[in-house]
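Student: I am new to this structure. Please take one part of it, the place where the protein chains meet, and describe it closely.

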Protein chains: 2
Amino acid sequence: MNPTMRQLEALVLVYRLGSITKAAAELRVTQSAISLLIRQIEENFQLKLFDRTTRALHPTAACREAIPAAERILSSARGLSQHMRDLVEVRTGRIAVAVSAGVASALLPRILARFRSRYPEVKIDLFDIAPDELLPFVTAGHAEFGIGSFEDDGTSEARIETLMQTPLSAIGVKDGRFEKRRRLTWADLTASDLIAMRRGTRIRTQIDEALAQTGQELKPALEVSLITTALALTAEGAGISILPAHMLPKAQFPTLAAVPLSQPIVNRHVSLLSRADFTLSPAAEQFAEIARRALSTK
Amino acid sequence: MNPTMRQLEALVLVYRLGSITKAAAELRVTQSAISLLIRQIEENFQLKLFDRTTRALHPTAACREAIPAAERILSSARGLSQHMRDLVEVRTGRIAVAVSAGVASALLPRILARFRSRYPEVKIDLFDIAPDELLPFVTAGHAEFGIGSFEDDGTSEARIETLMQTPLSAIGVKDGRFEKRRRLTWADLTASDLIAMRRGTRIRTQIDEALAQTGQELKPALEVSLITTALALTAEGAGISILPAHMLPKAQFPTLAAVPLSQPIVNRHVSLLSRADFTLSPAAEQFAEIARRALSTK
DNA sequence: CGGGTTCATAAGATAACCTCATGAATTGAT
DNA sequence: ATCAATTCATGAGGTTATCTTATGAACCCG
């Protein structure tokens, strides 16, 4: 029969303190409890571990052989507990996060900075992938959760929480007038050169569908694949980009401003995606919480 | 709080089998017992270890981190149990034995051979020391027990058990007549050249005291310090040695024979000496047992 | 949709564990 | 030498842990 932790604890402590009474005091139990534990472990092993007169207490050879093993076991158990506590208190851990490219460049840096300053010990595996990949990637378990814009396709495998919702905006060069506008309509843009995402991308599809419902149509001068391309072109004066406001990283493009578009207002969601049937690790939970705060106060 | 062995056992088994029910079957308890153990360890750690729907069971990241540690702990515990069992069953161990020189050469070889063939895994530290050293050596804890001839000085620290008792004998060369004698008296020897241990040795002291009580006196032609010297001299025809019969190793001196001396009979004891307040290890116990049998049947 | 499977949970039984009270042996001080 | 103090052992009794039984809920599969 295997010894219990309690028995090993008693064994080591009695050995170290050379006394049942002292060991009992250390463990905050009565002397008879320890006396019993020692007897139990001796019965388990069918072996005397201490030669004890009423006065003195001497470990036997067998005891001396057992002590190192017992100490190893106890310290491993304590180490395990400590490690688990560290995980709970996010002093250690590793999380895998998937983000769509747009989120990665515009929103993630701030979230990441906050998280890393708060929980510097946690390792982060960052996967910046195409928006369409987000859902399967997380569902397959490659990442604990994902942040980005994607369709809720209704499969119950995923837990989806909307973190922020920003209107599609016109992004143009600050010229003293443009950035003062509180609002623009789609119709206001007909005279301008427009830069939009290529047909087939999620953003573009959403725009086209929304405009079609109001009998309008987007006629971009330029179509691009990457958000940063659009922004760079706009910054160079090539035209006005049509993008969700949150996708403009202000630090990176200080000369640009975003003005919300109305009639119709087309909202883009940024959501947090995770597997419905899996608990987030404490570290991931904290990451999600920081993402929530960073994006909701915006 | 530290996890219990039982909890770790359940954790590892559930992880390995991917099922609470199967783990329960393996441990011969009900499913609910395991369910409870898992919940307990989760509460201890304040951490989900398995994401479980009613159907499936998935280890969390924390669980995967815990498993190796848990397995180490369990296998150490089993290793410890195994080691203790090996000690009990004398499949391993190490014993320190002290013997006086006379015993070492004449009696020990046979005991040792038997013990080693029966318990080949046990390491033996053999100390062949002067008879006077035997008691302090064992009392000081340098050897688990000793075998030899010594005075029982009455201090209760030692446990003394007489293993054999042999009369002092005349040891001479087999010449067709000498070895046929069943018995000789001390008086019979007055005409012969006698070889005895030097004055001051225990054997000699005992002889002198016993003879003095019957008004006799030993007048050796030669006095030596070592038993083998006496035997070698006798074998070379230098005279008759006066020694306990058991001190003649027959294999080593095939030409010699021992004839008990009477009037008076002077008995020498060979005893097993151990510390009264210490338990013998299982290996030592077996060694003592073999010594007992080897010497009593003689 | 119903039988079969798996996990969760509540209640009760059993076993493990601890405390309390007491005794025996030994030490050390008077 | 005697007596108080210390230390360990042990038996009785209560508390806590642990297991079983019984049942329910969720899910899968045919």
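**The interface of chain B and chain A**

Tutor: The contact (heavy atoms within 4.5 Å) draws 32 residues from chain B and 32 residues from chain A. This is a predicted model, in which local features need pLDDT of at least 70 and side-chain atom pairs count only at pLDDT 80 or more, while totals for chains, interfaces and linings use all residues. Residues are numbered from 1 along each chain as its sequence is written, chains are lettered from A and ligands numbered from 1 in the order in which they are written, and side-chain values use heavy atoms, with hydrogens and water left out.

The size of an interface is often given as the accessible area lost when the parts come together. Here chain B and chain A bury about 3,100 Å² between them, 68% of it on carbon and sulfur atoms; this area is found with a 1.4 Å probe and summed over both parts. Between the two chains there are six residue pairs in polar contact, both residues being at pLDDT 80 or more. A polar contact is a pair of N or O atoms within 3.5 Å; within protein, one must be able to donate a hydrogen and the other to accept it, and residues adjacent in sequence count only if both atoms are side-chain atoms.

On the side of chain B that touches chain A, the elements giving two or more residues are α1 (5-17) and α4 (61-88) of chain B. Helices are DSSP runs (H or I, at least four residues), numbered from the N terminus. The most comes from α4(B), with 15 residues.

Technical notes:
Buried area = accessible area lost by both parts, 1.4 Å probe.
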